[in-house]
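Welcome, and let's take a walk through this structure together. Please have the sequence and the 3D view open as you read.

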Amino acid sequence: MKFTELKNDIAAGARSIYLLEGDDAYFRMKGEELIKSAFLQMPELNFSTLDGESLKGARLSDLTSAVQAVPFMSEKRVVKVASLYPTESEYDSYLKKVFDNFPADSILIIVNSESKKGVDLKRKGSITYIDCNRSDEENVAKWAYLTFRRAGISAPVDLCNLIAQYCLCNMSRVALEVEKLIDYKKEGALTREEVDELVFKDADYRIYEMTNAVARRDFSKFIIIENELCRKDGDEAPLLSGLFSYFKNLLTIYSSRQSDAELAKLLKMKEYGVKKSREQAQAIGGEKLKDYVTAVYDAISKLKGGLTLPKNALQTVNNKLFFD
């Protein structure tokens, strides 16, 4: 189930084993908090944590012993294990019997940041999987909108979408930025100026904005963002590297017939990011993307070879992108 479904699922009763897995730390943290808040009493006596990295082979019996312990003056005992990645044989030898016949008075919370080789815990019938991967823009914006509303602040949907975009839909960052805006605003209606001024824009999003400016032929916008990033990094070289990586990914996405999901795994991106990048790539065009990749690569090579200065290298790229 999605993280957004967890609260309603908890209201229907406790599950035996929860797997909170995904790349969004906020969802993993909040999922654990929701489960503990609903079912854990006297945590100093009925809650224990284990390090999954150290539970290898026979050491997995530490986990089964922990979940089989009887709660003290409470209905449930809660055990949390982080980074649990057993092999198939380890699961069958040490965990399967207990997981399939799980103690009624215990709850196990498994918190994994990613999937790794080994047994696929998500597919085990005794385990309830909670998808804690980064959400899409619509759901992130909805969360921001409702949070602002509960705090007595009116935030138009388009501004909530903007916050999600600035944070690349990373809920850990979105939560911090929304909290910051609530502390600043106190009440009333949020404005675009306040969002632009107060919300930190992820560097990847700024590169995304720059390439959007290229597609729209908006040189002024491009230069404004470029100057901001150069001031932040103090050097043109990181910006050139960012542009090269971004244009290379755009060209790969443009040229590939693979699905957004397949490309997301290949490029180590989020599926939503691939979707947006595909839109950008189509707006720019394949031939121009090839020229852009070649131009930025050439500028970086000359810079590393001492044949040009950083400012000159960046200016050459700017000329190629807008005036060639």
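A disulfide is counted here when two cysteine sulfur atoms lie within 2.5 Å of each other. With that cut-off, the count is 0 disulfides. This is a predicted model, in which local features need pLDDT of at least 70 and side-chain atom pairs count only at pLDDT 80 or more, while totals for chains, interfaces and linings use all residues. Residues are numbered from 1 along each chain as its sequence is written, and side-chain values use heavy atoms, leaving out hydrogens and water.

(Buried means under 20% relative accessible area, exposed over 50%, and partly exposed in between, using a 1.4 Å probe and protein chains only.)

Next, the interior. A nonpolar core is a set of buried Ala, Val, Leu, Ile, Met, Phe, Trp, Tyr and Cys residues joined through side-chain atoms within 4.5 Å. The largest one has 71 residues, and F148 and F247 have the most contacts inside it. Helix 12, residues 237-255, gives the most to this core, with 8 residues. (Helices are DSSP runs of H or I with at least four residues, numbered from the N terminus.) A second, separate core has 20 residues, including L19, L84, Y91 and I127. Back at F148, the residues it touches include I153, C160, V178 and L190, not counting residues up to four places away in sequence. Touching, or contact, means heavy atoms within 4.5 Å.

Helix 12 also meets helix 15, residues 286-304: their axes come within 9 Å and cross at roughly 150°. The axes are lines fitted to C-alpha atoms over the stretch in contact, with angles from 0 to 180 degrees between N-to-C directions. Helix 12 is therefore roughly antiparallel to helix 15, a term for angles over 145 degrees. Among the residues making the contact are F244 and F247 of helix 12 and V293 and V296 of helix 15.

Finally, look at F219, in helix 11 (residues 219-233). F219 is partly exposed, with a relative accessible area of 29%. F219 touches F322 and F323, not counting residues up to four places away in sequence. The C-alpha atoms of F219 and F322 are separated by 7.0 Å, although these residues are 103 residues apart along the chain.

Notes:
Helices (H or I, at least four residues) and strands (E, at least two) are DSSP runs, numbered from the N terminus. Angles under 35 degrees count as roughly parallel, over 145 as roughly antiparallel, 65 to 115 as roughly perpendicular and the rest as oblique.
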